[in-house]
Amino acid sequence: MACISPDGKPTESGAKMLRALKSGLGSPEEIAEDTGLPLFRVRSGLRELAQAGLTIPQNGNYKLTDKGAELIE
Amino acid sequence: MEEVKEQIISLPRLGESAPAFEAVTTHGVLKLEDFKGTWLILFSHPADFTPVCTTEFIAFAEIYPELQKRGVELLGLSVDSVSSHIAWVRNVEEKTGVRIPFPIIADLNKEVSILYGMIHPGQSKTETVRCVFIIDGKQVIRTILYYPLTTGRNMDEILRIIDALQTTDANAVATPANWRPGEMVVIPSPNTQEMAEERLKQGYECVDWYLCKKKL
């Protein structure tokens, strides 16, 4: 897992993506620009975060879930 | 006696869509479609912790900033585990100071290797040869290079091919032998006699009607 550690906490790159989502960004392109991560990493990371129930995909964009928001508080 | 059945898979060809895959890498699970919109160099190496491959990885890492300027990502592959890849790239950094910034596919089940024709049994039945697939932002295969196990790749040529392909796409031209950025480009051959005659009046540098060059 690239975005979630075995203990269930987000990795540094995972936390960056969650924070970007919390700030209101939604598209992988916007998040890549904001975080400085390569777009391919953001696309795969958001997919992984969605599988873990931390984000929800919506028409190519992503939204933070309550569980995802709790993890970065 | 058990019958050995060989599965015939059509190898990728230039101008065709790159075969889709989902693979475990050192940067997590990646799909080919994650690279949509950027160019991608998918390359295989025979094995981790081997000398020629180590020199190549250092060389790929060195050209990575130049590739990024051109909107190109790198993705390595070998039939090794993620743990082996991680141990190797950490060792390379420790011994040489070079950080490997791009992901590497751990293709233990050879799924991607077979899909892309990276295993050549005449060279090795277990290792991938040194393949380079240059895939554009629309995920079409634009260049395929194969090198034998014993010959390390030439990074200048890989950068040159990227520059040539991107120049061709941007300007609808071709590039002559040994072309380098900034040099004259070739105007595609005319399709009709009228076009052949017209081109000679257009101020291009022409050897004859079929070989004309211009500066961009």
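Predicted model: local features only at pLDDT ≥ 70, side-chain atom pairs only at ≥ 80, totals over all residues.
Helices (DSSP H or I runs of at least four residues) and strands (E runs of at least two) are numbered from the N terminus. Residues are numbered from 1 along each chain as its sequence is written, while chains are lettered from A and ligands numbered from 1 in the order in which they are written.

Chain B contains five helices and 10 strands. The C-alpha trace of chain B spans about 65 × 50 × 30 Å along its principal axes. Domain bounds, which come from an automatic or database domain assignment, divide chain B into domain 1 (22-153) and domain 2 (172-214). The centres of these two domains of chain B, taken over C-alpha atoms, are 36 Å apart. Two residues are in contact if their C-beta atoms, placed from the backbone, lie within 7 Å. Among the contacts in chain B with a separation of 6 or more, 64% join residues 24 or more positions apart.

Helix H4 of chain B (residues 155-171) includes B:Ala164. With 20 other C-beta atoms within 10 Å, B:Ala164 is classed as buried. Apart from neighbours within four places in sequence, B:Ala164 contacts B:Thr175 and B:Trp179. The C-alpha atom of B:Ala164 lies 7.8 Å from that of B:Ala174, which is 10 residues away along the chain.

In chain A, helix H2 (residues 28-35) packs against helix H3 (residues 39-51) at an angle of about 120 degrees, the axes being 9 Å apart. Axes are lines fitted to C-alpha atoms, for helices over the stretch in contact, and angles run from 0 to 180 degrees between N-to-C directions. H2(A) is therefore oblique to H3(A), a class left after roughly parallel (under 35 degrees), roughly antiparallel (over 145) and roughly perpendicular (65 to 115). A:Pro28, A:Glu29, A:Ile31, A:Ala32 and A:Thr35 of H2(A) meet A:Leu39, A:Val42, A:Arg43 and A:Leu46 of H3(A). This contact comprises six nonpolar, one polar and two charged residues (nonpolar: Ala, Val, Leu, Ile, Met, Phe, Trp, Tyr, Cys and Pro; charged: Asp, Glu, Lys and Arg; polar: the others, Gly among them).

The contact between the chains draws 11 residues from chain A and nine residues from chain B. On the side of chain A that touches chain B, six residues are nonpolar, two polar and three charged.

Key:
Buried ≥ 20, exposed ≤ 12 C-beta atoms within 10 Å, placed from the backbone.
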